[in-house]
Amino acid sequence: MAKKKPKTKQSSKKVDRKPYQVFVCHATADKWIARTLCEKIEGTGATTFRDDRDISGGDDIPDEIRRQIKLSKEIVVVLTPESIARQWVMLEVGAAWGWSRRVRIIILMCHVSVDPIPDMIKNKKAILLNEIDTYLSDLTLRVRGYHG
């Protein structure tokens, strides 16, 4: 009679992988839009970084923003009449632009025209806020295909 092989347990050890992170760049006045956008993005399986939520008291803000942009796969720039002229928003865009080979830059337009978009990102295909579902569908595919 042949001996039965003992059953071996499958390893339940989870493989650590970096999350597909999306950095959400916005003006303070657009916090509601940013918060809602983060909820929608997180529904795709991605994680989000939002400075007003994720930077703690005492943290070095510029260092943390640079670090988070480097960790992100995408940056969504919420362009509104409030954010278009904000220095911090343009600083974050500039930091992402410097990493543009690794960081996808998404321009999300809300009540602004193409004319005031800064030259460094004017060549990016912008998405209107009313077309956010298309972006979320595309993002879902990127997240599913990401192997961190």
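Mentor: A residue counts as buried when its relative accessible area is under 20%, and as exposed when that area is over 50%. Please keep in mind that the model is predicted.

Trainee: Is C38 buried or exposed?

Mentor: The relative accessible area of C38 is 1%. Since the limit for burial is under 20%, C38 is buried.

Trainee: How many disulfides does a search of the whole structure find?

Mentor: A disulfide is a covalent bond between the sulfur atoms of two cysteines. C25 is a buried cysteine, with a relative accessible area of 0%, but the search, which requires a pair of cysteine sulfur atoms within 2.5 Å, covers the whole structure and returns a count of zero.

Trainee: How is helix 1 oriented to helix 6?

Mentor: The axes of helix 1, residues 31–42, and helix 6, residues 132–145, come within 10 Å of each other and cross at roughly 40 degrees. Because angles under 35 degrees would count as roughly parallel and those from 65 to 115 as roughly perpendicular, helix 1 is, relative to helix 6, oblique.

Trainee: Which residues in helix 6 do L37, K40 and I41 meet?

Mentor: The crossing of the two helices, helix 1 and helix 6, is right-handed. The residues of their contact comprise six nonpolar, no polar and one charged. On the helix 6 side, L37, K40 and I41 of helix 1 meet I132, Y135, L136 and L139.

Trainee: Where is H111 placed?

Mentor: H111 is not a glycine, yet has a positive phi of about 65 degrees. With a relative accessible area of 72%, H111 is exposed. Its place is in the loop between strand 4 (104–109) and helix 5 (119–122).

Terms used
Residues are numbered from 1 along each chain as its sequence is written. This is a predicted model: local features need pLDDT of at least 70, side-chain atom pairs count only at pLDDT 80 or more; totals for chains, interfaces and linings use all residues. Side-chain values use heavy atoms; hydrogens and water are left out. Axes are lines fitted to C-alpha atoms, for helices over the stretch in contact, and angles run from 0 to 180 degrees between N-to-C directions. Helices (H or I, at least four residues) and strands (E, at least two) are DSSP runs, numbered from the N terminus. Angles under 35 degrees count as roughly parallel, over 145 as roughly antiparallel, 65 to 115 as roughly perpendicular and the rest as oblique. A crossing is left-handed if the near helix is turned anticlockwise from the far one by less than a right angle, and right-handed if clockwise. Contact means heavy atoms within 4.5 Å. Ala, Val, Leu, Ile, Met, Phe, Trp, Tyr, Cys and Pro count as nonpolar, Asp, Glu, Lys and Arg as charged, and the others, Gly among them, as polar. Buried means under 20% relative accessible area, exposed over 50%, partly exposed in between (1.4 Å probe, protein chains only).
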